[in-house]
Amino acid sequence: MRYLSLLLVFLLSFSVNAQEYFPKNDGVKQSFKNYFALTNATIYVSATQKIEKATLLIKENKIVDVGTIIVIPKEATIIDATGKTIYPSFIELYSEFGINKPTARPNGNFTPQYDTNREGYYWNDHIKPEYNAYENLSYDEKAAENLREVGFGSILSHHNDGVIAGTGLFWTLNDKATNADRIIKEKVSQHFTFSRSKFTKQSYPSSMMGSMALIRQVFHDAKWYAQGNTANKDLSLEAFNANKSLLQIFNAGDKLNALRADKLGDEFGVKYVIKGSGNEFERIDEIKKTGATYIIPLNFPDAYDVSDPYLAQQVSLSDLKFWNQAPFNLKILAENNVSFIITSADLKDTKSFLSNLRKAVLYGLPKDKALQALTENPAKLVNQFDKVGSISKGKLANFIIVSGDLFDEKNTILENWVQGNRNIIDKINPTDIKGTYDLSFENQKFELKIEGENSKFEAKISRDSINYGTKIQFNDPWVNLVIKNQDTTKANFVRLSGTFIKGQIQGKAVLENGNETTWTAIKKEIVNTEEKKEAKKEELKVPSMYAVTYPNIAFGTKEKPKQETILFKNTTVWTGEKEGILKETDVLIQNGKIAKIGKNLPASGAKVVDGTGKHLTAGIIDEHSHIAISNGVNEGGQNSSAEVTIEDVVNSDDINIYRNLAGGVTSANLLHGSANPIGGRAAFIKLKWGYSPDEMLVKDAPKYIKFALGENVKQSNWGDNARNRFPQSRMGVEQVYEDYFTRAIEYKNEWDAYKSGKNKKMPRFDIEMEILGEILAKKRFITCHSYVQSEINMLMKLAERYGFKIQTFTHILEGYKVADKMSAHGVAGSTFADWWAYKFEVNDAIPYNAAIMQSQGVSVSINSDDAEMSRRLNQEAAKTVKYGNVTEEQAWNFVTLNPAKILQIDNKVGSIKIGKDADVVLWSESPLSIYTKAEKTIIDGIIFYDLEKENQTLSQIQKERADLINAMLDAKNKGMKTQAPKKKETGHYHCDTLGEYCKESHYKYN
Amino acid sequence: MKKYIVLLFISLLGFAQQTPAPKQNKSILIIGAKAHLGNGEVIENSLISIIDGKIATIGDATLMKPAKHDIIIEAAGKHVYPGFIAPNSTLGLVEIDAVRASDDESEIGEFNPHVRSIIAYNTESVVTETTRPNGVLLAQITPRGGRISGTSSIVQLDAWNWEDAIIKENDGIHLNWPRSYSRTGWWAEPGGIEANKNYEPQIKTIQDYFDNAFAYLNTKNSKKDIPFEAMKGIQNGEKKLYIHVNGEKEIIDAVLFKKKNNIKNMVIVGGYYAFKVATLLKENNVAVLLKRVHDLPLLEDEDVNLPYKNAKLLVDAGVLVGLENAGDMERMQTRNLPFYAGTCAAWGLSKEQALQLITENTAKILGIDNQYGTLESGKSATLFISEGDPLEMKTNVISFAFIDGRQISLQSHHTELYERYKGKFEQQKK
């Protein structure tokens, strides 16, 4: 009877969802709305507060009251929730649910587009703050059902497209309403990403650092626009300014990107809520320091199918280990008091949300933190805690009913109420028809056995030990049975249909011949299968977590290596200074510096390294490197990109850092590529393997910017589609510089006029012009990719016209032709030892280049531009001895002291001199010998590479791989889901690498 | 005696750049050099007599009395080496990597055994002339691309035209073995690696091709099939089958293929993971032309120095190993071949063993060891004199080089520009 009344209420609610002031033409208006009372439940009114034997009273879409002493109105529909647990329903903050998206433009070969398609909006199509999710809705019932089934009741939807992706709305998953009722707030958030929009082909930005620079410029422009400094209309900037008060969400992903997003926010006083990727534990200290709130997915990877050993070899230790570690992420975040909320985003199947959530709890995430992260925290973030996020008077009736403790695997979510609308997932008190029955019809007696789970019953019918194939359907109270005749040669069936009431089924039977009769089935005894099942079930075991290493890949260390006091005894010291090469000498390093050089130095507590027969040198400095860079080395979307900086995208997880250490490299100047005449700013790092990007950066090193000339900037080798960007010739390259430097001067004049009060109107703050201004003010230095003599000469003359000098020509393969002019200008040459013939402009590149330049007084260094060559720069330096008879000491300085001088950091590094940083390498033989090996590589007095320990490290890697592979095979045997092996891509950047992703280029057009 | 040496220098300078050396009519005697024979042996104080382009005698100078020679080179304190050999090379097939018009290294189509590298080999390539001053005097010119790229030939690197250059014409067929896994995604967005579902069918296609080729060759045919004709010699071992392959599983499959088809002469080219199946290779008499030594490990988890140690692992297991150099900027990098060998010595091999990797071993693998690869009486006088250890950058300073006894030019586009601009700046000083 109760069910019947419920059904009526439901029917009523269907027809009354129109707004009260809307006209009604299909009947009469009805206004009666009854109370619901859920009684005797365990209720989590909040994540931390539980009430037993409580009642929850609801009317319409709201909670009327909750508690143990509640007056239930007489007319209320009462639902007995004894033994059930009620939780506030979950809140999803990171979703594209219900957004109507246009179809993305197809991929293909297009002529690059540099200008915007829009009118009245920002100049860059990837900036879309004016996009509002609430204006693009298409409520998706299927997706809503999936989300409700795992406990969600309300959701923040946005369109994850573009660098600034517009606003999101907060609404409910209420199928029985229109958007008029669902929408709680139409604009709650503004969204940022590092990625381009899929709906425009405007080429800028083409890298992560480009996206970051673009966001910065938008902040500046929006402020300037708000102050009324421009006459034109910019609907994007207006929207951006209007969105300021909203929740600012940054879809960052990887943990290093999270740090980047947070840093970006700090620059403009914005505290981003950061959408992570689940690997935050790998840099937990830095993540914690951001103080940001994180949106964390539960996308734990499946085990790899490693049954084929050849294929399994392709899976990296970091990926194997991540499988083990990922489920601990939330536990670690919680332990470190990082504020987070949990999202169902990034799951292949929303249905796995609950099981993964339980896994996270099993792996140590406290239940209350899990609940908070799904209810209270997100509600507060979107400023809707007065409506959702807990169960209390006046809030929306958004809650779930669980058969018990939510985090216990055996329990299920039975109902999910959204805005007072009841969605039944599993019946609270399902009718149990399991049992053995005496079945009779047409004077025949059978035995009927019904087994199995609720809603998935199985039936067996037998007589005299003959079984009849039977299918059962149960749709309370209706039971349908289809019984196959025992004669298997004929397709004859008997159909029984009846209703189940209190242990008895009665109804109509349709016989094989179509005759109808009646049947009954009377229950004999209860079948108890529960116990058997319990016994079968295995205790879920939590594996022990593999230690996080720094970085969390092969060759990482469990603790960041620490500074030591080291005394190198009796070794050959290549000072790099006027002292030259000192034999049988001791060097003491202390507090990260070179403390003493001399004979018979006392050890006094220092770790003593016998250097007999060995050589100690300063660490190699690679003036031109592209290792350790995330998501794009080139911002080639425009012909000038001074606004971008590699400092934004230093990647501490690149294995090439370690490989470089093994080649005696201690620091590297990370350069932007050569896709445009004015490239991006450089980052000077020390290869402190295991440390964070921030710790690797040498912050007080003089600042550099990459320029480029020749084939790459005129796009000679980019294919026939790339013919629409200026410059397309060397002639044009000069004019690009003329243009930008002229503008930079005018820009400065405008600002000067404004600052002095001569001009009232504030000029636009232009990051690019600011940087060019730094060059003109000699506060930033150019290292310019260059090949042929004409262009080299051009740039020197241009710089002289603008009153500055070029600091370095890099590559500079025809430097030998204009070495005298270079010397006169005072520019350094950082070149390859012997590269040539890879493109037309290197046809006259000769290996004697370094020697000739040096002979004319040019400061010369040998660089790599290549992750492979950089680990053999000592050999490349040795080539200059062969090609041009450079002395060995001089050749060695080409990769140590000279690059330090060229980078103007020789006060700190580049030679073995008392007071300089202890960046040193111990070599087994002369550092210039092909037979030498770097045995110890030390930075700031910290040993980062030790050849002695290499075998131990390798066997550790092998052991961990073997253990993890065994664990995965075990997982597969237990029937757990697996995924196909994947190789981690470790591509390498060169000057010409375009786009965000690494590739191993077939030709190097460096 | 001194007069002769002076003469020789004059004649050297008199050569226009890149002009191939004429036939050697004079007898030459090299006295006092440390001779590195290329087979692991060394003669501290050697005497090398070159007559008619051949090494007439080589021996210990303290035990021999030199006969009269037209030219005598006093080489005490210097070193003599057999000319280095660059196998699996595209020298002369491409001039400038980025200029498509200068690129003749590959053809369209999957099975091209009939495509011959030798006829496209440009003896006047300016890249080639830069390899000789570093001791690389011979090369196997090899086509690229497809499943069967085509037929290679072995040349000496100082010739007027490709016919002049030939040491061994059409020495072998080059087969690119499929990979058991494939890369997903596209160049800008590389995906992961996944199992290549087509691996087995691809091997079957190769098997079918060989079956058909051998069937054709073993019967009388009225109509000529050009590609199958080119497969002639693979069965009886007259032509070598070079299988370009790096993966462990793939190498095993390649060896199985050799056994199944009873192929006499099979060589693994690349062979990055050959060390894992070294015993199998040794048992089946399969040699390896090892992938470029100066390279990064293929996998993140691998020993960072594995590419340097690879040769030693194979040599220790008794596999015949030479070094090859295919890859990025491969033509220009040819001159670094000796330094690849040097690196192998740094990581475990002796210097003489390392030398074998680019001399005797390669000559054996290519099947030219009856004439080249070692300093032995009766063999071609293809050798050079170096001031020091040529496997070491600093001391790879070559004063004389001979191919078949012809004293070749050590000038190049590079030395010419060097001299020109050095001269310019010296003039300016005055």
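I count two residues as in contact if their C-beta atoms, placed from the backbone, lie within 7 Å. With that rule I looked up where chain A meets chain B. The contact takes 60 residues from chain A and 49 residues from chain B.

**Ground rules.** I am working with a predicted model, where local features need pLDDT of at least 70, side-chain atom pairs count only at pLDDT 80 or more, and totals for chains, interfaces and linings use all residues. Residues are numbered from 1 along each chain as its sequence is written, while chains are lettered from A and ligands numbered from 1 in the order in which they are written.

Which helix gives the most? It is α22(A), with 5 residues. I then sorted this side of chain A by residue type and got 31 nonpolar, 12 polar and 17 charged. For that sorting, Ala, Val, Leu, Ile, Met, Phe, Trp, Tyr, Cys and Pro are nonpolar, Asp, Glu, Lys and Arg are charged, and the others, Gly among them, are polar.

**Chain A overall.** I find 25 helices and 44 strands in chain A. Its C-alpha atoms fill a box of roughly 115 × 70 × 60 Å along the principal axes. Of the 1006 residues, 51% are buried. Buried means 20 or more other C-beta atoms within 10 Å of the residue's own, exposed means 12 or fewer, and partly exposed is in between; C-beta atoms are placed from the backbone. Of the contacts in chain A with a separation of 6 or more, 67% join residues 24 or more positions apart.

**Domains.** Chain A is divided into domain 1 (90-359), domain 2 (435-528) and domain 3 (620-909). These bounds come from an automatic or database domain assignment. I read 84 Å between the C-alpha centres of domain 2 and domain 3 of chain A.

**A three-stranded sheet.** I traced an open sheet in chain A with the order β32-β33-β35 and mixed pairing. Its edge strands are β32 (620-625) and β35 (683-686), each pairing on one side only. Pairing needs at least two DSSP bridges between two strands. Strand β33(A) (residues 665-670) runs antiparallel to β35(A), joined by 4 bridges. A:Leu670 stands opposite A:Ala683 in β35(A).

**A:Gly732.** This glycine lies in helix α17 (residues 730-755) of chain A. Leaving out residues up to four places away in sequence, A:Gly732 touches A:Lys714, A:Phe726 and A:Pro727. A:Lys714 is 18 residues away along the chain, with a C-alpha separation of 8.3 Å.

**Record check.** UniProt (unreviewed entry) gives "coiled-coil region" for residues 947-974 of chain A. UniProt positions follow the numbering used here, feature names are shortened, and annotations may be inferred rather than shown by experiment. In the model that span is 86% helix and 0% strand, with its end C-alpha atoms 41 Å apart.

Conventions:
Helix = DSSP H or I, 4+ residues; strand = E, 2+ residues; numbered from the N terminus.
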